[in-house]
Amino acid sequence: MEQVHETVLEIDLKALKHNFQYLKTRVQPNTKVLAVVKAFAYGNDAAEIARYLENLEVDYFAVAYTQEGVALRDAGIKTPILVLHPQSANFKTLIARCLEPSLYSHFVLREFIAVAEAEKQHHYPVHIKFNTGLNRLGFDPQDVASVVTSLKKTESVIAKSIFSHLAASEDLREKLFTNNQIKTFTSISETFTAAIGYKPMLHLCNTSGILNYPEAHFDMVRSGIGLYGFGNSEKEDVHFKPIASLKTIISQIHTIPKGASVGYNRAFIASKKTTTATIPIGHADGIGRQYGNGKACVFVNNKPAPIIGNVCMDMIMIDITGISCQEGDEVIVFNQAHTAHSFAQGVNSISYEIITAISQRVKRVFLK
Ligand SMILES: *Cc1c(COP(=O)(O)O)cnc(C)c1O
């Protein structure tokens, strides 16, 4: 890990391998693993991450939107890709690029079958999503019969899997609720499989589901945040290594007297003689305004330096009073020791939000 000269997101592919292999130890050897690489693989660069995981023989990928799947195909990814929220305007592209849609309502099912028939498809793989309590996307449990009827009327598609998504798998206080989702999903799967006459793959668990509900892994599990190094609890975090480090440098140091202000709208007023550093990362890079005004710290020579005043578009100012450092020194926003999770906690946010927020302007550097 070299001293940086600009803001970079350093991505440790060995840590990714560690997380992937660790997750595999938490599932049965015959359980498939799907890697969720939506949102640029949670901010890390989807093509690079997918290529690496493909070499590790991951079974499946998922993205949220069709264009994310197209980008992976353009990058040469051959592994099956499930598109979680494909949107009917993209169905022709989706078929052309061998992407597999999640179909979650009678409307999208009808639309997809129409496109698949027009494109002369035979048994095109689709994934049927059921709503078991998240109330986001999915057929209702009582839709099983009508879905099966629609599927049986056409040769153009085949249900490669049926799946659902847990609402609170990381929250053990919601165990009763989650167990109910598992029960509902089990019962949907049984009815569906009996009615359709073949066996689609079944999958339900995200990362916390994998860790907390081993009895609910079914045929495949879907991990996003775990691959990127977070276990969503203190107990599980120790098994994972965050793969991304956000590093920057000190652009300039100022020493200001008591009463002087820092930044736009004079939001910080020095209560004593203060040393500040300006660093080249701002809200356009993903550090939202909520991180300003002392709510979050970055690290300079391993010492916490609070972000002071308002976050600017391209820069933030930090209080380095008492920290021995100079212009050009490295600044850690988050890494394995000072995690994105703890950075986000300061503003009541979560690892998912800060890591996916780091904008494309920040250069990605891969440690192989
Ligand atoms: C994003 C997503 C996942 C991954 O969840 P993690 O908590 O990051 O493991 C799994 N399944 C679906 C349907 C998702 O939308």
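The model is predicted, with local features needing pLDDT of at least 70 and side-chain atom pairs counting only at pLDDT 80 or more, while totals for chains, interfaces and linings use all residues. Residues are numbered from 1 along each chain as its sequence is written, and side-chain values use heavy atoms, leaving out hydrogens and water.

Next, colour the open sheet of nine strands, whose order is 11-14-17-16-15-18-10-1-19 with mixed pairing; two strands pair if DSSP finds at least two bridges between them. Its edges are strand 11 (252-256) and strand 19 (363-367), each of which pairs on one side only.

Now pick out strand 14 (residues 274-279) and strand 17 (residues 316-319), which pair in the antiparallel sense over four bridges. Within this pairing, threonine 276 has aspartate 319 of strand 17 as its bridge partner.

Finally, show cysteine 297 and cysteine 325: where is the closest cysteine sulfur to that of cysteine 297? It is in cysteine 325, 14 Å away, which is too far for a bond. A disulfide is a pair of cysteine sulfur atoms within 2.5 Å, and by this rule the count is zero.

Technical notes
Helix = DSSP H or I, 4+ residues; strand = E, 2+ residues; numbered from the N terminus.
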